[in-house]
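Here is a friendly walk through one protein model, written for someone who likes geometry spelled out. Have the viewer open and follow along.

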Amino acid sequence: MSKTKQAFAVDADYMLKLSQKYGTPLYVYDTSVMEKQYKRLKKAFSKLDTQINYACKALSNTNVLRFFHSLGAGLDTVSIEEVQLGLHSGFSPDQIIFTPNCVSFDEIRQAVELGVRINIDNLSILEQFGNTYGNSYPVCVRMNPHIMAGGNTKISTGHIDSKFGISIHQMRHLQRIAESYKLNINGLHMHTGSDILDVDVFINGANLLLDCALQFNDLEYIDFGSGFKVAYKPGDMETDVELLGERMTELMENFFVEYGRKLTIEFEPGKFLVSESGYFLADVNVIKQTTATVFAGINTGLNHFIRPMFYDAYHHITNLSNIGANERVYTVVGYICETDTFAWDRRISEIREGDILCFHNAGAYLYAMSSNYNSRLKPAEVLIHKGNDYLISRRQNFEDLLSTQIEIPLNN
């Protein structure tokens with residue numbers, strides 16, 4: 001039901017040159033990996049009419065958005081600002097699906113004015129939508145299948161206590177609203193979580209969503225969300241998307257017979273497409289040995305790389321400056337005035353002050369979740385495309401910290 005990744009490779013010499021050219025900390029992304037992951041997914045579902053919508057919350061640099069647009073991807077967005085970024089990056093409104101939660105109806109209204117596809121996940125907003133638009137504007141509905149799945153509770157979104165989606169047990173209420181306002185429901189959607197390993201979890205969720213789909217006669221597409229797991233360390237497991245493609249193809253072909261016609265199926269991967277494309281480079285500021293631990297303190301922190309602290313996430317670390325050296329045990333920490341630990345008791349090639357460390361799987365949810373905590377500046381982003389490296393987001397400067405602040409007279 002899953003596949004194993006054996007090793008993490010990196011061109012150490014090239015990454016060291018990038019660290020010298022652009023400085024550290026530094027985010028680096030490789031479009032060849034993004035393309036490989038996108039084509040792998042398309043191939044897995046090639047027997048179906050499949051649309052892949054990139055979930056841009058993972059990494060929203062407009063150059064990355066433009067690249068996925070060039071591959072033929074659509075765009076999954078969760079805020080009106082992401083919608084605007086997508087339009088700015090060349091996506092047409094019909095290529096963008098807007099799936100917010102807990103937003104005001106004004107934001108829904110803005111999205112309608114921009115012409116994008118709307119995906120509503122609660123009955124109150126759906127009723128307001130019907131009262132405002134009737135059947136004049138098509139709408140997709142996000143269902144909650146009541147499935148607990150995902151790498152941890154913070155990224156599980158389809159269980160009974162989740163804020164996301166309309167419960168499958170509220171189907172009759174949903175139908176009443178749809179009938180009362182003559183809503184044009186043209187899509188159904190589901191997303192149960194992230195880092196889901198077991199193919200059966202996807203199939204179980206799909207069966208529940210397809211049962212719901214039989215209640216709607218005018219569907220054009222069904223969106224099964226995403227949550228495909230990627231490998232974070234050697235020997236780690238990843239979702240077998242090829243097997244999932246086979247199982248989903250059989251499931252959908254049977255459903256199409258029952259439904260009476262074929263529909264488009266959609267997925268909205270983010271991490272799966274960009275996580276493994278990313279590398280994060282950092283300088284070692286200090287080696288600090290205590291009575292119990294050897295710390296490698298680096299020139300970054302949770303302000304740039306929050307996943308280990310927020311999700312207890314593991315990220316493989318390579319010492320680019322000392323490849324092949326004997327391994328020692330280190331605890332890698334940051335420079336923030338908090339406990340910002342990237343790795344506890346990790347075996348890494350001997351680390352010296354001034355070495356460059358490379359964190360793998362740095363493409364998803366790192367720059368997107370970065371901050372100016374401790375008034376630290378955000379790093380630059382670099383994109384490797386067709387053998388060339390490009391600066392796609394400059395390093396912040398002190399003036400950026402002041403750019404939105406307004407000083408007032410304080411002298412009495």
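This is a predicted model: local features need pLDDT of at least 70, side-chain atom pairs count only at pLDDT 80 or more; totals for chains, interfaces and linings use all residues.

Residues are numbered from 1 along each chain as its sequence is written, and side-chain values use heavy atoms, with hydrogens and water left out.

**Aromatic pairs**

A pair of aromatic rings is described by the distance of the centres and the angle of the planes. Here, rings of Phe, Tyr and Trp (its six-membered ring) pair if their centres lie within 6.5 Å; planes under 30 degrees apart count as stacked, over 60 as edge-to-face and the rest as tilted. Searching the whole structure gives 21 aromatic pairs. One of them joins F45 and F267, a tilted pair with 4.5 Å from centre to centre and 40° between the planes. F45 sits in the loop between α2 (31-44) and β3 (50-55), and F267 belongs to strand β12 (residues 264-267), so this pair ties together parts that are 222 residues apart in sequence. Helices (H or I, at least four residues) and strands (E, at least two) are DSSP runs, numbered from the N terminus.

F45 is buried at 0% relative accessibility, and F267 is buried at 2%.

F105 and Y133 form a tilted pair too, because their ring centres are 6.4 Å apart and their planes meet at 35°. F105 is part of helix α5 (residues 105-114) and Y133 of helix α6 (residues 123-133), so parts 28 residues apart in sequence are tied together. F105 is buried, at 8% relative accessible area, and Y133 is buried as well, at 15%.

Ring pairs also link Y27, F280, F305, F342, F359 and Y367 into a cluster.

**Charges over rings**

A charge sits over a ring if NZ of Lys or CZ of Arg is within 6 Å of the ring centre and within 35 degrees of the ring normal. Y367, a member of the ring cluster, has the charged end of K378 over its ring, 5.7 Å from the centre. R117 lies over the face of Y221, at 4.7 Å from the ring centre.

**Helix packing**

Axes are lines fitted to C-alpha atoms, for helices over the stretch in contact, and angles run from 0 to 180 degrees between N-to-C directions.

| Helix pair | Angle | Axis distance |
|---|---|---|
| α2 and α9 (residues 241-259) | about 30° | 8 Å |
| α5 and α6 | about 50° | 11 Å |

Angles under 35 degrees count as roughly parallel, over 145 as roughly antiparallel, 65 to 115 as roughly perpendicular and the rest as oblique. α2 and α9 are therefore roughly parallel, whereas α5 is oblique to α6. A crossing is left-handed if the near helix is turned anticlockwise from the far one by less than a right angle, and right-handed if clockwise. The crossing of α2 and α9 is right-handed, and that of α5 and α6 is right-handed too.

Which residues meet between α2 and α9? Contact means heavy atoms within 4.5 Å. R40, L41 and A44 of α2 meet V241, E242, G245 and E246 of α9. Between the other two helices, F105, I108, R109 and V112 of α5 meet I125, Q128, F129, T132 and Y133 of α6.

**A strand residue, I96**

I96 belongs to strand β5 (residues 96-98) and is buried, at 0% relative accessible area. Leaving out residues up to four places away in sequence, I96 touches L75, T77, V83, G86, L87, F91, V116 and R117. I96 and R117 are 21 residues apart in sequence, with their C-alpha atoms 6.1 Å apart in space.

**Backbone details**

Most residues other than glycine have a negative phi, and most peptide bonds are trans. A cis peptide bond joins T24 and P25, with omega about -5°; P25 is in the loop between α1 (12-22) and β2 (26-30).

N361 is not a glycine, yet has a positive phi of about 55°. N361 lies in the loop between β18 (356-360) and β19 (380-385) and is buried, at 3% relative accessibility. N374, also not a glycine, has a positive phi of about 65°. The loop between β18 and β19 holds N374, which is partly exposed at 34%.

Definitions and conventions. Buried means under 20% relative accessible area, exposed over 50%, partly exposed in between (1.4 Å probe, protein chains only).
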